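The sequence and the structure come first, and a description of selected parts follows.

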Amino acid sequence: MNSSSIARILAGCSWRVQRNLLRFALNGHRTVRAFEQRIREGKPFFPAFLMLSITNQCNLRCRGCWVSQTKPSSQLSLNQIQGIIDTAAKYRSYFFGILGGEPLFYPELLTIFRKNPKVYFQLYTNGTMLDEKIAGELAKLGNVTPLISIEGLETESRRRRGRDDVFARSISGLEAAVRAKLFTGVTASINMKNFDELVSRDYLDFLVSKGVHYIWYFIYRPCGPDPDCSNALDREHVLKLRRFLVEQRKTAKILILDAYWDADGHAQCPGAMGLSHHIAPNGAVEFCPILQSAGGFLNEDSSNLEEIFQKETILSNLRQFSTKQGRDCMVIRSPHELLEELKKNHAQDSSGRSAFYRELEERTPMPCHDVPGGEIPEKSAMYRFGKRNYFFGFGAYG
Ligand code: SF4
């Protein structure tokens, strides 16, 4: 967060969008403080944030995707989604990641946003269906930030996502969002094939020239029936990525986000801290999107959500198990130990393809974002402040 990236938000986003963004920031502060207090005082558990995969329908088939696409598609009902939002409000949680599949396939998507004007939504989309009309509707509401996944420039996008025109269509979706004066973000899961293209100052400047306000870097986690493990980052590239983030945050005219490292560069797992958990299209309440094992299943109006978080033990056992394994991603770093832990808890495979446990069994353990001894602290004072106050261990790592 440097002054030029903030100035671009003030210049590029409509007043309504800015007002909602401000409310999100203030609510976010309250949410994290309330979460911290629950942990400190041993109060009933509820995560600070929830990621909702509202449908498994998608128009792409990306290599390494964990989503099982089915016919007919599986989706959360409006009743379930509203029940989740109303329950979370009791815990001062007013922010939701909206994922898929491709959430723009969800027929009542705008209804979710309209019915909850004081709630803020981050819409994870591949952008190929984000046209002027939808962008215009989102602009009228103001409480949604589109986060458009671009997994490489033209060639790599074609290779990874299995369609010729995907890069061009994602870019036109991005341009529609910027023209509608939305707070617009881009995301990518960085791997060996898109590293040089997307982890570069040229790419950041390209996004700035397109009017994008923030980029969220994820690290590729080989998942699903076609994991493409050889494409995962090695230790050297994880360090290169971390070094790039820390350096570019000082001067880049775009916000640069990650959910892996604290202010001192120590690796963290958002699920292990209980900061965020995930709800799948089939109603499974999961540790995170790629750990496809249910801590419980929602009923028709989500009135059992608190019970799943507070009475069921699978998710709390997984949080403890994860921190015992270390600071890294346990799905990638410790698949076999994780499988034993899931069996011990009689956790149900919620992948929708009854194959998650076999995939874990067949997986070769790999390093992920934790590089012990390679910690690189934040150099930007603003990012250090942000991480120190909103993304630290919450006691999960002692
Ligand atoms: S287990 Fe891995 S993918 Fe899941 S929240 Fe933790 S670090 Fe992220």
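Predicted model: local features only at pLDDT ≥ 70, side-chain atom pairs only at ≥ 80, totals over all residues.

Strands of a sheet pair through backbone hydrogen bonds, in either a parallel or an antiparallel way. Strands β1 and β2 run parallel and are joined by four bridges.

## Two packed helices

Helices α6 and α7 pack with their axes 8 Å apart and at an angle of about 105°. Because angles of 65 to 115 degrees count as roughly perpendicular, α6 is roughly perpendicular to α7. The residues that meet are listed below.

| Helix | Range | Residues in the contact |
|---|---|---|
| α6 | residues 154-161 | E154, S157, R158, R161 |
| α7 | residues 166-179 | V166, F167, S170 |

By class, this contact of α6 with α7 has three charged, two polar and two nonpolar residues.

## Helix α16

Which residues of helix α16 are buried? In this helix (residues 381-390), they are Y383, G386 and K387. These residues lie on the same side of α16, because they cover an arc of only 90° around the axis. A381 and F385, on the other side of α16, are exposed. The cover over the buried residues of α16 includes α10 (235-251) and β7.

Methods:
Residues numbered from 1 in each chain as written. Heavy atoms only, no water. Pairing = 2+ DSSP bridges. Axes fitted to C-alpha atoms, helices over the stretch in contact; angles between N-to-C directions. Parallel < 35°, antiparallel > 145°, perpendicular 65-115°, else oblique. Contact = heavy atoms within 4.5 Å. Nonpolar A, V, L, I, M, F, W, Y, C, P; charged D, E, K, R; others polar. Buried < 20%, exposed > 50% of the residue type's maximum accessible area, 1.4 Å probe, protein only. Arc of directions from axis to C-beta.
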